[in-house]
Amino acid sequence: MAVMLRSCAHPAMSRRVVRQSKFRHVFGQPVKADQMYEDIRVSKVTWDSSFCAVNPKFVAIIVESGGGGAFMVLPLAKTGRVDKNHPLVTGHTAPVLDIDWCPHNDNVIASASEDTTVMVWQIPDYVPTRNITEPIVTLEGHSKRVGIITWHPTARNVLLSAGGDNLLILWNVGTGEMLLTLDDMHSDLIYNVCWNRTGSLLVTTCKDKHVRVIDPRKQQVVAEKVKPHEGARPIRAIFMADGKIFTTGFSKMSERQLALWDLENFEEPIALQEMDTSNGVLLPFYDPDSSIVYLCGKGDSSIRYFEITAEAPYVHYLSTYSSKEPQRGMGFMPKRGLDVSKCEIARFFKLHERKCEPIVMTVPRKSDLFQDDLYPDTPGPEPALEAAEWLAGQDAEPVLVSLRDGYVPVKNRELKVTRKNILDNKPPVGPRRSHSTCDANFSRPSLEDLLEEIRSLRQTVQAQEKRISDLENKLCKFTNGAA
(Lines give C-alpha, C1' and ligand atoms only; values in the text may rest on other atoms or scores of the structure.)
Protein backbone atom coordinates (compact mmCIF):
# COMPACT_ATOMS: atom_id res chain seq x y z
CA MET A 1 0.00 0.00 0.00
CA ALA A 2 1.40 3.40 -0.94
CA VAL A 3 2.26 5.86 1.77
CA MET A 4 0.42 9.03 0.70
CA LEU A 5 1.98 12.30 1.77
CA ARG A 6 1.28 15.83 0.66
CA SER A 7 4.49 17.78 1.28
CA CYS A 8 2.67 20.99 2.11
CA ALA A 9 -0.22 19.37 4.00
CA HIS A 10 1.76 17.43 6.60
CA PRO A 11 4.60 19.61 7.87
CA ALA A 12 4.38 18.08 11.33
CA MET A 13 4.67 14.57 9.94
CA SER A 14 7.64 15.59 7.74
CA ARG A 15 9.38 17.23 10.69
CA ARG A 16 8.84 14.22 12.92
CA VAL A 17 10.17 11.80 10.32
CA VAL A 18 13.41 13.67 9.54
CA ARG A 19 14.19 14.91 13.08
CA GLN A 20 17.09 12.45 13.47
CA SER A 21 18.52 13.10 10.02
CA LYS A 22 21.93 14.73 9.69
CA PHE A 23 20.64 16.29 6.45
CA ARG A 24 17.70 18.08 8.09
CA HIS A 25 19.46 21.46 7.92
CA VAL A 26 21.01 21.21 4.45
CA PHE A 27 20.78 24.62 2.81
CA GLY A 28 21.47 25.92 -0.68
CA GLN A 29 23.38 29.09 -1.48
CA PRO A 30 24.38 30.66 -4.81
CA VAL A 31 28.02 31.60 -5.25
CA LYS A 32 29.12 35.24 -5.40
CA ALA A 33 28.63 37.07 -8.69
CA ASP A 34 32.30 36.81 -9.68
CA GLN A 35 32.11 33.00 -9.36
CA MET A 36 29.37 32.69 -12.01
CA TYR A 37 29.86 32.13 -15.74
CA GLU A 38 28.39 35.15 -17.58
CA ASP A 39 27.47 35.96 -21.19
CA ILE A 40 26.61 32.45 -22.35
CA ARG A 41 23.88 32.03 -24.97
CA VAL A 42 22.18 28.95 -23.52
CA SER A 43 20.37 26.80 -26.10
CA LYS A 44 16.68 27.54 -26.67
CA VAL A 45 15.92 24.17 -28.24
CA THR A 46 12.76 22.50 -26.92
CA TRP A 47 13.93 19.31 -25.24
CA ASP A 48 13.74 18.10 -21.64
CA SER A 49 17.40 17.36 -21.01
CA SER A 50 19.56 19.19 -18.50
CA PHE A 51 21.63 21.13 -21.16
CA CYS A 52 24.60 21.13 -18.77
CA ALA A 53 27.20 18.55 -17.70
CA VAL A 54 29.94 19.03 -15.11
CA ASN A 55 32.88 17.10 -13.68
CA PRO A 56 35.80 18.02 -11.38
CA LYS A 57 37.59 19.76 -14.28
CA PHE A 58 35.01 21.32 -16.61
CA VAL A 59 31.50 22.66 -17.05
CA ALA A 60 29.90 21.99 -20.46
CA ILE A 61 26.81 23.88 -21.66
CA ILE A 62 24.71 23.42 -24.81
CA VAL A 63 24.59 26.83 -26.53
CA GLU A 64 22.87 28.58 -29.41
CA SER A 65 24.86 28.42 -32.62
CA GLY A 66 24.19 29.21 -36.25
CA GLY A 67 24.43 26.48 -38.87
CA GLY A 68 24.56 23.39 -36.69
CA GLY A 69 24.84 22.37 -33.07
CA ALA A 70 27.44 23.31 -30.50
CA PHE A 71 28.31 23.24 -26.85
CA MET A 72 30.80 25.20 -24.80
CA VAL A 73 33.37 23.72 -22.41
CA LEU A 74 34.84 25.92 -19.67
CA PRO A 75 37.47 24.99 -17.08
CA LEU A 76 35.76 25.22 -13.69
CA ALA A 77 38.11 28.00 -12.60
CA LYS A 78 37.34 30.18 -15.65
CA THR A 79 34.52 32.14 -14.01
CA GLY A 80 33.29 35.62 -14.86
CA ARG A 81 32.41 36.98 -18.28
CA VAL A 82 33.01 34.50 -21.09
CA ASP A 83 34.68 35.96 -24.16
CA LYS A 84 32.25 36.10 -27.08
CA ASN A 85 34.89 34.37 -29.23
CA HIS A 86 35.46 31.56 -26.73
CA PRO A 87 35.98 28.32 -28.72
CA LEU A 88 33.03 25.96 -29.01
CA VAL A 89 32.80 22.24 -29.64
CA THR A 90 31.20 22.12 -33.08
CA GLY A 91 30.75 19.30 -35.53
CA HIS A 92 27.07 18.40 -35.37
CA THR A 93 25.00 19.64 -38.31
CA ALA A 94 21.85 20.18 -36.20
CA PRO A 95 21.19 21.23 -32.56
CA VAL A 96 22.85 19.31 -29.73
CA LEU A 97 20.20 17.78 -27.42
CA ASP A 98 22.24 16.06 -24.69
CA ILE A 99 25.82 15.95 -23.36
CA ASP A 100 27.44 13.64 -20.80
CA TRP A 101 30.97 13.48 -19.37
CA CYS A 102 32.65 10.08 -19.28
CA PRO A 103 32.77 8.96 -15.61
CA HIS A 104 36.16 7.29 -16.18
CA ASN A 105 37.99 10.06 -18.06
CA ASP A 106 37.42 13.72 -17.15
CA ASN A 107 38.66 14.86 -20.59
CA VAL A 108 36.12 12.86 -22.61
CA ILE A 109 32.56 14.01 -23.32
CA ALA A 110 29.80 12.63 -25.55
CA SER A 111 27.16 14.67 -27.36
CA ALA A 112 23.86 13.66 -29.00
CA SER A 113 22.14 15.65 -31.72
CA GLU A 114 19.14 16.14 -33.94
CA ASP A 115 21.45 15.18 -36.82
CA THR A 116 20.99 11.48 -35.72
CA THR A 117 24.60 11.05 -34.59
CA VAL A 118 26.48 10.70 -31.31
CA MET A 119 29.97 12.21 -31.17
CA VAL A 120 32.69 11.61 -28.58
CA TRP A 121 35.23 14.38 -27.96
CA GLN A 122 38.60 14.71 -26.25
CA ILE A 123 38.83 18.05 -24.39
CA PRO A 124 42.34 19.38 -23.72
CA ASP A 125 43.33 20.64 -20.26
CA TYR A 126 44.15 24.06 -21.72
CA VAL A 127 41.67 26.40 -23.45
CA PRO A 128 42.08 25.85 -27.22
CA THR A 129 42.48 28.87 -29.51
CA ARG A 130 39.85 27.77 -32.03
CA ASN A 131 36.71 25.63 -32.17
CA ILE A 132 37.07 21.89 -31.60
CA THR A 133 35.60 20.41 -34.78
CA GLU A 134 36.98 16.86 -34.95
CA PRO A 135 35.41 14.25 -32.65
CA ILE A 136 37.44 11.19 -31.68
CA VAL A 137 34.65 9.04 -33.00
CA THR A 138 31.22 9.54 -34.59
CA LEU A 139 28.63 6.88 -33.75
CA GLU A 140 26.04 6.39 -36.49
CA GLY A 141 23.17 3.96 -36.06
CA HIS A 142 20.02 5.95 -35.31
CA SER A 143 17.64 6.97 -38.10
CA LYS A 144 16.10 9.90 -36.17
CA ARG A 145 17.34 12.49 -33.71
CA VAL A 146 19.27 11.28 -30.66
CA GLY A 147 17.99 12.92 -27.49
CA ILE A 148 19.56 10.86 -24.68
CA ILE A 149 23.08 9.61 -23.93
CA THR A 150 24.39 8.08 -20.73
CA TRP A 151 27.69 6.33 -19.94
CA HIS A 152 27.84 2.96 -18.21
CA PRO A 153 28.71 3.52 -14.53
CA THR A 154 31.35 0.78 -14.14
CA ALA A 155 32.46 -0.52 -17.58
CA ARG A 156 35.06 1.36 -19.59
CA ASN A 157 33.90 3.09 -22.79
CA VAL A 158 30.33 1.72 -22.84
CA LEU A 159 27.87 4.42 -23.91
CA LEU A 160 24.10 4.19 -24.34
CA SER A 161 22.09 6.34 -26.74
CA ALA A 162 18.32 6.62 -27.23
CA GLY A 163 16.74 8.17 -30.31
CA GLY A 164 13.48 9.34 -31.82
CA ASP A 165 13.44 6.00 -33.68
CA ASN A 166 12.56 4.41 -30.28
CA LEU A 167 15.86 2.50 -30.32
CA LEU A 168 18.37 2.02 -27.53
CA ILE A 169 21.91 1.42 -28.80
CA LEU A 170 24.90 0.46 -26.66
CA TRP A 171 28.31 1.37 -28.08
CA ASN A 172 31.93 0.60 -27.34
CA VAL A 173 33.33 4.07 -28.02
CA GLY A 174 36.88 2.72 -27.77
CA THR A 175 36.34 0.80 -31.01
CA GLY A 176 33.43 2.79 -32.46
CA GLU A 177 31.25 -0.31 -32.76
CA MET A 178 27.71 -1.15 -31.73
CA LEU A 179 27.58 -3.67 -28.89
CA LEU A 180 23.81 -4.11 -28.63
CA THR A 181 20.68 -2.72 -30.25
CA LEU A 182 17.48 -2.84 -28.19
CA ASP A 183 14.52 -2.48 -30.50
CA ASP A 184 10.86 -3.56 -30.32
CA MET A 185 10.78 -2.56 -26.63
CA HIS A 186 9.41 0.99 -26.86
CA SER A 187 6.39 1.87 -28.97
CA ASP A 188 6.87 5.63 -28.68
CA LEU A 189 9.36 8.37 -27.78
CA ILE A 190 11.75 7.47 -24.94
CA TYR A 191 11.77 10.19 -22.24
CA ASN A 192 14.70 9.08 -20.11
CA VAL A 193 17.11 6.22 -19.39
CA CYS A 194 19.02 5.46 -16.18
CA TRP A 195 21.50 2.70 -15.24
CA ASN A 196 21.43 0.97 -11.88
CA ARG A 197 24.49 1.19 -9.62
CA THR A 198 26.42 -1.69 -11.24
CA GLY A 199 25.14 -1.17 -14.78
CA SER A 200 23.38 -4.54 -14.95
CA LEU A 201 19.91 -3.04 -15.53
CA LEU A 202 18.31 0.02 -17.15
CA VAL A 203 15.10 1.81 -16.29
CA THR A 204 13.35 3.75 -19.06
CA THR A 205 10.28 5.98 -19.32
CA CYS A 206 8.33 6.39 -22.51
CA LYS A 207 5.54 8.42 -24.09
CA ASP A 208 3.44 5.21 -24.09
CA LYS A 209 3.21 5.70 -20.27
CA HIS A 210 5.22 2.58 -19.42
CA VAL A 211 8.17 2.38 -17.04
CA ARG A 212 10.35 -0.54 -18.10
CA VAL A 213 13.23 -2.24 -16.33
CA ILE A 214 15.49 -3.78 -18.97
CA ASP A 215 18.33 -6.30 -18.83
CA PRO A 216 20.31 -4.98 -21.83
CA ARG A 217 22.55 -8.05 -22.25
CA LYS A 218 19.59 -10.43 -22.28
CA GLN A 219 17.73 -7.86 -24.39
CA GLN A 220 14.53 -8.30 -22.41
CA VAL A 221 12.15 -6.32 -20.24
CA VAL A 222 12.33 -7.83 -16.74
CA ALA A 223 9.69 -5.60 -15.08
CA GLU A 224 7.12 -3.15 -16.35
CA LYS A 225 4.60 -0.71 -14.91
CA VAL A 226 1.84 0.90 -16.96
CA LYS A 227 0.82 4.43 -15.92
CA PRO A 228 2.88 4.89 -12.76
CA HIS A 229 1.46 8.43 -12.87
CA GLU A 230 -1.98 8.97 -14.39
CA GLY A 231 -1.28 12.30 -16.07
CA ALA A 232 -0.33 12.75 -19.72
CA ARG A 233 2.86 14.80 -19.17
CA PRO A 234 6.33 13.16 -19.32
CA ILE A 235 7.57 10.81 -16.58
CA ARG A 236 11.14 10.47 -15.29
CA ALA A 237 12.59 7.43 -13.51
CA ILE A 238 15.92 6.75 -11.78
CA PHE A 239 17.41 3.84 -9.85
CA MET A 240 18.20 4.15 -6.15
CA ALA A 241 21.37 2.47 -4.82
CA ASP A 242 19.33 -0.38 -3.26
CA GLY A 243 17.50 -1.16 -6.52
CA LYS A 244 14.27 0.72 -5.82
CA ILE A 245 12.97 3.09 -8.51
CA PHE A 246 12.10 6.75 -7.99
CA THR A 247 9.72 8.40 -10.46
CA THR A 248 8.36 11.88 -11.11
CA GLY A 249 5.22 12.56 -13.12
CA PHE A 250 1.75 14.10 -13.05
CA SER A 251 -1.65 13.17 -11.62
CA LYS A 252 -4.89 13.25 -13.62
CA MET A 253 -5.43 16.72 -12.19
CA SER A 254 -2.00 17.78 -13.52
CA GLU A 255 -0.44 17.93 -10.05
CA ARG A 256 3.25 17.07 -10.03
CA GLN A 257 3.99 13.83 -8.18
CA LEU A 258 6.93 11.78 -6.98
CA ALA A 259 6.78 8.08 -6.20
CA LEU A 260 9.04 5.29 -4.94
CA TRP A 261 8.67 1.73 -6.22
CA ASP A 262 9.96 -1.63 -5.04
CA LEU A 263 10.59 -4.05 -7.91
CA GLU A 264 9.45 -6.94 -5.69
CA ASN A 265 5.95 -5.48 -6.02
CA PHE A 266 5.75 -3.12 -8.97
CA GLU A 267 1.95 -2.84 -8.80
CA GLU A 268 1.73 -0.14 -6.11
CA PRO A 269 4.21 2.56 -5.10
CA ILE A 270 5.54 2.27 -1.56
CA ALA A 271 5.43 6.09 -1.34
CA LEU A 272 3.58 8.74 -3.32
CA GLN A 273 3.63 12.49 -2.80
CA GLU A 274 1.82 15.28 -4.62
CA MET A 275 3.47 18.68 -4.80
CA ASP A 276 2.06 21.46 -6.95
CA THR A 277 0.33 22.17 -10.27
CA SER A 278 3.24 23.58 -12.26
CA ASN A 279 3.66 21.99 -15.70
CA GLY A 280 7.48 21.79 -15.84
CA VAL A 281 8.90 18.26 -15.95
CA LEU A 282 10.76 17.45 -12.71
CA LEU A 283 14.33 16.32 -13.40
CA PRO A 284 15.58 14.13 -10.51
CA PHE A 285 19.26 14.23 -9.44
CA TYR A 286 20.36 11.55 -6.99
CA ASP A 287 23.28 11.33 -4.58
CA PRO A 288 23.56 7.70 -3.43
CA ASP A 289 26.10 8.58 -0.70
CA SER A 290 23.62 10.74 1.22
CA SER A 291 20.49 9.10 -0.27
CA ILE A 292 19.12 12.52 -1.19
CA VAL A 293 17.05 13.18 -4.34
CA TYR A 294 16.99 16.75 -5.65
CA LEU A 295 14.11 17.74 -7.93
CA CYS A 296 14.68 20.54 -10.44
CA GLY A 297 11.84 21.56 -12.74
CA LYS A 298 12.63 23.23 -16.04
CA GLY A 299 11.12 26.68 -15.76
CA ASP A 300 11.01 26.44 -11.95
CA SER A 301 13.02 28.75 -9.74
CA SER A 302 13.45 26.22 -6.92
CA ILE A 303 15.17 22.94 -6.06
CA ARG A 304 13.29 20.62 -3.70
CA TYR A 305 15.16 17.86 -1.94
CA PHE A 306 14.11 14.67 -0.20
CA GLU A 307 15.87 12.00 1.84
CA ILE A 308 15.13 8.38 0.91
CA THR A 309 15.28 5.85 3.77
CA ALA A 310 14.76 2.09 4.07
CA GLU A 311 11.73 2.37 6.41
CA ALA A 312 8.25 3.83 5.89
CA PRO A 313 7.35 6.47 4.90
CA TYR A 314 10.55 6.11 2.78
CA VAL A 315 10.51 9.61 1.21
CA HIS A 316 11.11 12.53 3.59
CA TYR A 317 10.85 16.12 2.46
CA LEU A 318 13.91 18.06 3.66
CA SER A 319 13.70 21.59 2.29
CA THR A 320 13.48 23.81 -0.78
CA TYR A 321 16.10 26.12 -2.25
CA SER A 322 14.25 29.07 -3.77
CA SER A 323 15.40 31.88 -6.03
CA LYS A 324 13.77 34.48 -8.27
CA GLU A 325 15.05 33.38 -11.66
CA PRO A 326 13.70 30.29 -13.49
CA GLN A 327 16.18 27.60 -14.54
CA ARG A 328 16.73 26.67 -18.21
CA GLY A 329 18.76 23.62 -17.32
CA MET A 330 20.88 22.15 -14.53
CA GLY A 331 24.25 20.45 -14.11
CA PHE A 332 25.06 18.19 -11.13
CA MET A 333 28.64 17.80 -9.92
CA PRO A 334 29.88 14.25 -9.14
CA LYS A 335 30.74 13.81 -5.47
CA ARG A 336 34.50 13.82 -6.08
CA GLY A 337 34.28 17.40 -7.38
CA LEU A 338 32.93 18.87 -4.13
CA ASP A 339 34.74 20.90 -1.46
CA VAL A 340 34.78 18.54 1.53
CA SER A 341 36.44 21.17 3.76
CA LYS A 342 33.20 23.21 3.63
CA CYS A 343 30.82 20.26 4.18
CA GLU A 344 29.49 20.70 0.65
CA ILE A 345 27.28 17.70 -0.22
CA ALA A 346 26.01 18.81 -3.64
CA ARG A 347 26.72 21.50 -6.22
CA PHE A 348 24.34 22.47 -9.00
CA PHE A 349 25.10 24.55 -12.07
CA LYS A 350 21.90 26.43 -12.82
CA LEU A 351 21.44 27.70 -16.37
CA HIS A 352 19.80 31.07 -16.89
CA GLU A 353 19.16 32.63 -20.28
CA ARG A 354 22.64 34.21 -20.40
CA LYS A 355 24.63 32.73 -17.52
CA CYS A 356 25.47 29.66 -15.44
CA GLU A 357 25.15 30.02 -11.66
CA PRO A 358 26.70 27.44 -9.30
CA ILE A 359 24.53 26.64 -6.25
CA VAL A 360 26.21 24.97 -3.28
CA MET A 361 24.33 22.63 -0.92
CA THR A 362 25.94 22.52 2.53
CA VAL A 363 25.45 20.69 5.83
CA PRO A 364 26.17 23.22 8.61
CA ARG A 365 28.94 21.89 10.86
CA LYS A 366 31.19 23.76 13.28
CA SER A 367 34.16 21.40 13.13
CA ASP A 368 36.97 21.87 10.60
CA LEU A 369 37.78 18.14 10.68
CA PHE A 370 36.89 15.79 7.83
CA GLN A 371 33.25 14.71 8.28
CA ASP A 372 33.44 11.02 7.43
CA ASP A 373 29.72 10.49 8.07
CA LEU A 374 28.98 12.95 5.23
CA TYR A 375 31.57 11.52 2.86
CA PRO A 376 31.65 7.74 2.59
CA ASP A 377 33.97 6.39 -0.10
CA THR A 378 32.47 7.36 -3.47
CA PRO A 379 32.83 6.14 -7.09
CA GLY A 380 36.16 7.29 -8.50
CA PRO A 381 37.42 7.63 -12.08
CA GLU A 382 38.72 4.05 -12.40
CA PRO A 383 36.41 1.65 -14.30
CA ALA A 384 35.71 -1.70 -12.65
CA LEU A 385 35.34 -3.64 -15.92
CA GLU A 386 36.37 -3.59 -19.55
CA ALA A 387 33.59 -3.35 -22.15
CA ALA A 388 34.16 -6.97 -23.26
CA GLU A 389 33.97 -8.25 -19.67
CA TRP A 390 30.65 -6.49 -19.10
CA LEU A 391 29.26 -7.71 -22.42
CA ALA A 392 30.27 -11.27 -21.49
CA GLY A 393 28.07 -11.08 -18.38
CA GLN A 394 30.29 -9.74 -15.60
CA ASP A 395 29.00 -7.14 -13.14
CA ALA A 396 31.00 -5.13 -10.63
CA GLU A 397 30.43 -2.46 -8.02
CA PRO A 398 32.02 0.93 -8.79
CA VAL A 399 35.67 1.33 -7.72
CA LEU A 400 35.49 3.67 -4.73
CA VAL A 401 37.86 6.44 -3.62
CA SER A 402 38.19 8.31 -0.33
CA LEU A 403 37.54 12.06 -0.22
CA ARG A 404 39.40 12.51 3.08
CA ASP A 405 42.13 14.66 1.51
CA GLY A 406 39.88 16.06 -1.19
CA TYR A 407 39.88 14.75 -4.76
CA VAL A 408 42.51 16.14 -7.13
CA PRO A 409 41.71 15.60 -10.84
CA VAL A 410 44.48 13.71 -12.60
CA LYS A 411 46.18 15.13 -15.67
CA ASN A 412 46.86 12.87 -18.67
CA ARG A 413 45.84 9.73 -16.82
CA GLU A 414 47.14 6.49 -18.32
CA LEU A 415 44.34 3.97 -18.72
CA LYS A 416 44.74 0.20 -18.49
CA VAL A 417 43.70 -1.24 -21.84
CA THR A 418 43.14 -4.71 -23.16
CA ARG A 419 43.54 -3.58 -26.74
CA LYS A 420 44.40 -0.39 -28.61
CA ASN A 421 41.86 2.20 -27.65
CA ILE A 422 41.18 5.44 -29.48
CA LEU A 423 40.15 7.22 -26.29
CA ASP A 424 43.56 6.73 -24.71
CA ASN A 425 45.26 9.55 -26.56
CA LYS A 426 46.39 11.86 -23.81
CA PRO A 427 44.73 15.28 -23.78
CA PRO A 428 47.30 17.78 -25.07
CA VAL A 429 49.21 19.65 -22.42
CA GLY A 430 48.86 23.44 -22.41
CA PRO A 431 50.88 25.75 -24.61
CA ARG A 432 54.43 26.02 -23.25
CA ARG A 433 55.25 29.41 -21.80
CA SER A 434 58.98 28.77 -21.19
CA HIS A 435 61.32 28.69 -24.18
CA SER A 436 64.64 28.48 -22.32
CA THR A 437 67.32 26.19 -23.78
CA CYS A 438 67.65 24.24 -20.54
CA ASP A 439 64.20 22.80 -21.25
CA ALA A 440 65.43 20.92 -24.32
CA ASN A 441 64.89 17.51 -22.72
CA PHE A 442 61.26 18.37 -22.02
CA SER A 443 60.24 17.94 -25.65
CA ARG A 444 62.00 14.58 -26.19
CA PRO A 445 59.17 12.33 -24.91
CA SER A 446 56.60 14.14 -27.04
CA LEU A 447 58.82 13.72 -30.13
CA GLU A 448 59.11 10.00 -29.40
CA ASP A 449 55.34 9.86 -28.97
CA LEU A 450 54.87 11.54 -32.34
CA LEU A 451 57.25 9.14 -34.08
CA GLU A 452 55.47 6.19 -32.45
CA GLU A 453 52.10 7.56 -33.61
CA ILE A 454 53.44 8.03 -37.16
CA ARG A 455 54.72 4.43 -37.17
CA SER A 456 51.33 3.24 -35.93
CA LEU A 457 49.49 5.27 -38.58
CA ARG A 458 51.80 3.94 -41.32
CA GLN A 459 51.05 0.37 -40.24
CA THR A 460 47.33 1.11 -40.25
CA VAL A 461 47.48 2.65 -43.74
CA GLN A 462 49.48 -0.29 -45.08
CA ALA A 463 47.02 -2.76 -43.56
CA GLN A 464 44.10 -0.87 -45.10
CA GLU A 465 45.84 -0.72 -48.50
CA LYS A 466 46.33 -4.49 -48.40
CA ARG A 467 42.68 -4.97 -47.42
CA ILE A 468 41.49 -2.72 -50.27
CA SER A 469 43.75 -4.55 -52.74
CA ASP A 470 42.38 -7.94 -51.58
CA LEU A 471 38.82 -6.70 -51.92
CA GLU A 472 39.51 -5.34 -55.42
CA ASN A 473 40.98 -8.70 -56.47
CA LYS A 474 37.91 -10.52 -55.10
CA LEU A 475 35.63 -8.06 -56.91
CA CYS A 476 37.53 -8.64 -60.19
CA LYS A 477 37.20 -12.42 -59.83
CA PHE A 478 33.50 -12.04 -59.01
CA THR A 479 32.78 -9.78 -62.04
CA ASN A 480 34.89 -11.97 -64.38
CA GLY A 481 33.04 -15.05 -63.14
CA ALA A 482 29.66 -13.34 -63.67
CA ALA A 483 30.69 -12.34 -67.19
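Select Arg-233 and Phe-250 to begin: the charged end of Arg-233 sits over the ring of Phe-250, 5.5 Å from the ring centre. The model is predicted, and the distances on this tour are computed from it.

Next, select Lys-298 and Phe-51. Here the charged end of Lys-298 sits over the ring of Phe-51, with 3.6 Å to the ring centre.

**Four-strand sheet**

Show strands S25 to S28. They form an open sheet in the order S25-S26-S27-S28, and the pairing is antiparallel. Its edges are S25 (282-287) and S28 (315-322), each of which pairs on one side only. From one strand to the next the twist averages 25 degrees. Zoom in on S25 and S26 (residues 292-297), an antiparallel pair held over six bridges. To inspect one of these strands' residues, pick Leu-282, whose bridge partner in S26 is Gly-297.

**Aromatic rings**

Now select Phe-285, Tyr-294, Tyr-305, Phe-332 and Phe-348, which form one aromatic cluster. Across the model the count of aromatic pairs is 13. Tyr-37 belongs to strand S3 (residues 37-38) and Phe-349 to strand S30, and the pair links parts of the chain 312 residues apart.

Are these two residues buried or exposed? Tyr-37 has 2% relative accessibility and counts as buried because the cut-off is under 20%. Phe-349 is buried as well, with a relative accessible area of 1%.

Keep Phe-349 selected and display its surroundings. Leaving aside neighbours within four places in sequence, its contacts include Tyr-37, Cys-52, Val-54, Val-59 and Leu-76. Also in contact with Phe-349 are Gly-329, Met-330, Gly-331 and Met-333, along with Cys-356, Glu-357 and Pro-358.

**Nonpolar cores**

Widen the view from Phe-349 to the largest nonpolar core, which has 38 residues. Phe-349 is among those with the most contacts inside this core, together with Ile-40, Val-59, Ile-61, Phe-71 and Ile-123. Colour the strands that each supply at least two of the core residues: S4 (52-54), S5 (58-63), S6 (69-75), S9 (96-101), S11 (117-122) and S30 (344-351). Which strand gives the largest share of this core? S5 does, with six residues.

Last, select Val-211, Leu-260, Leu-272 and Met-275. These residues are included in a second, separate core of 30 residues. In soluble globular proteins, nonpolar side chains tend to be buried together.

Methods:
Residues numbered from 1 in each chain as written. Predicted model: local features only at pLDDT ≥ 70, side-chain atom pairs only at ≥ 80, totals over all residues. Heavy atoms only, no water. Core = buried A, V, L, I, M, F, W, Y, C linked by side-chain atoms within 4.5 Å. Buried < 20%, exposed > 50% of the residue type's maximum accessible area, 1.4 Å probe, protein only. Contact = heavy atoms within 4.5 Å. Pairing = 2+ DSSP bridges. Axes fitted to C-alpha atoms, helices over the stretch in contact; angles between N-to-C directions. Phe/Tyr/Trp six-rings, centres within 6.5 Å; stacked < 30°, edge-to-face > 60°. Lys NZ or Arg CZ within 6 Å of the ring centre and 35° of its normal.
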